[in-house]
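This report describes selected features of the structure shown below. Please keep the sequence and the model at hand while reading.

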Amino acid sequence: MSLNCGREKDVAAMLEAGHWPAACDAELREHVVGCARCGDLVLVASTMQQARIAAMGEARLQASGVIWWRAQLRRRQAAMEAIARPVRGAQWFAWLVGLAVLVGFVVVELRQGGLAKVEASLGGAGFLSGDVSLMVAGLVVLALLGGVAAWLAMDPMDRE
Amino acid sequence: MTWQQVLPRFGDGDTAMADAALPMDNEAFAGFYERSARPLWAYLARVSGNAALADDLMQESFVRFLCSAQMARGEVDCRRYLFRVATNLMRDHWRQAKTTSIEDVAEEVFAVKDGSAQVEALTMLGPAMAQMRPRDKQILWLAHAEGYSHKEIAEITGLGSASVRLLLFRARRRMAELLREGSSRRAL
């Protein structure tokens, strides 16, 4: 069977318009009887079109409003997720900064504890240790507050 | 404290923002749904052979269509895009290879209904469709039931236009053979 038939388009147009076979000229009908390709087209297309009509009658459709509402809900959830993503990043960043400052504070305290011993042995006042401690404590509080604020800003569902 | 309190414009119940975000307004969608839901369901039900699955896939197709940021130009484009979404969903479903027991198939699938040539077409088409490859069933339905051109089928299925032509030719020949076998078996 060849891949092409010159009359196939005419037959397809007749089928699509619903003119096959009643409103079709005799010459085209004769052609279809003799042409395997067009015969297949008529058989398959008419069976499928009938099946389509029958199937469309079987469909049990939901109200369009329900689908509209579901789409809106999904769209809104996606938007909320997109908004929450940078805040989640900020939250992690705040925790990391807090942790780094805490570690830094401990390290500095340990080192200055050693320095204080040296200063004490030299008879110094230990002013450096006090200033740095205050600054570090302030940074820790700031970082923790930032983290808590970001956490509070999150939706309860997103926290889990 | 929640997002609604922190950023009320994003999180409140006002639908204005959500409405604006969807590609169609509610009324336009209702009209589009009325015109395209039944043909889409017929496509999904006949190609998948499962009415319950067709229900689920149809709903999901419309939801994804609405959620998509793509703004289609007109109803024809919207409909083609909808069929594309449905085709992809059906393909994803087939990829999750699972066997269905006969007990899981809805009773209405087997029920014989009163009617005429349409029922006969369904009775003939069902067994023939069951023996076809999923992709061939899709192409055949899109071409002969929906009347899409080779180019449009290529857009919907993601295949090349030349491939569609060849695949459609082979699928149609095979389907015609199966339909003839079926009708001669019924005649005996």
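The sections below treat chain A as a whole and then turn to details of chain B.

## Basis of the report

The model is predicted. The values given here were computed from it.

## Overall make-up of chain A

Chain A contains six helices and zero strands. Read from the N terminus, its elements follow the order α-α-α-α-α-α.

Chain A has 160 residues, of which 29% count as buried. Among the contacts in chain A with a separation of 6 or more, 64% come from residues 24 or more positions apart.

## Helix 4 of chain B

In chain B, helix 4 spans residues 26–48 and bends by about 40° at B:Ser36. A proline, B:Pro39, follows this position within four residues.

After helix 4 of chain B comes B:Gly49. The phi of B:Gly49 is positive, near 75°.

## B:Asp77 in helix 6

B:Asp77 lies in helix 6 of chain B, which covers residues 75–95. This residue counts as partly exposed because its relative accessibility is 23%, a value between the limits of 20% for buried and 50% for exposed.

B:Asp77 can also be placed relative to B:Glu152. The two residues are 75 residues apart in sequence, while their C-alpha atoms are 9.9 Å apart in space.

Terms used:
Residues are numbered from 1 along each chain as its sequence is written. Chains are lettered from A and ligands numbered from 1 in the order in which they are written. This is a predicted model: local features need pLDDT of at least 70, side-chain atom pairs count only at pLDDT 80 or more; totals for chains, interfaces and linings use all residues. Side-chain values use heavy atoms; hydrogens and water are left out. Helices (H or I, at least four residues) and strands (E, at least two) are DSSP runs, numbered from the N terminus. Buried means under 20% relative accessible area, exposed over 50%, partly exposed in between (1.4 Å probe, protein chains only). The bend at a residue is the angle between axes fitted to the seven residues ending there and the seven starting there. Contact means heavy atoms within 4.5 Å.
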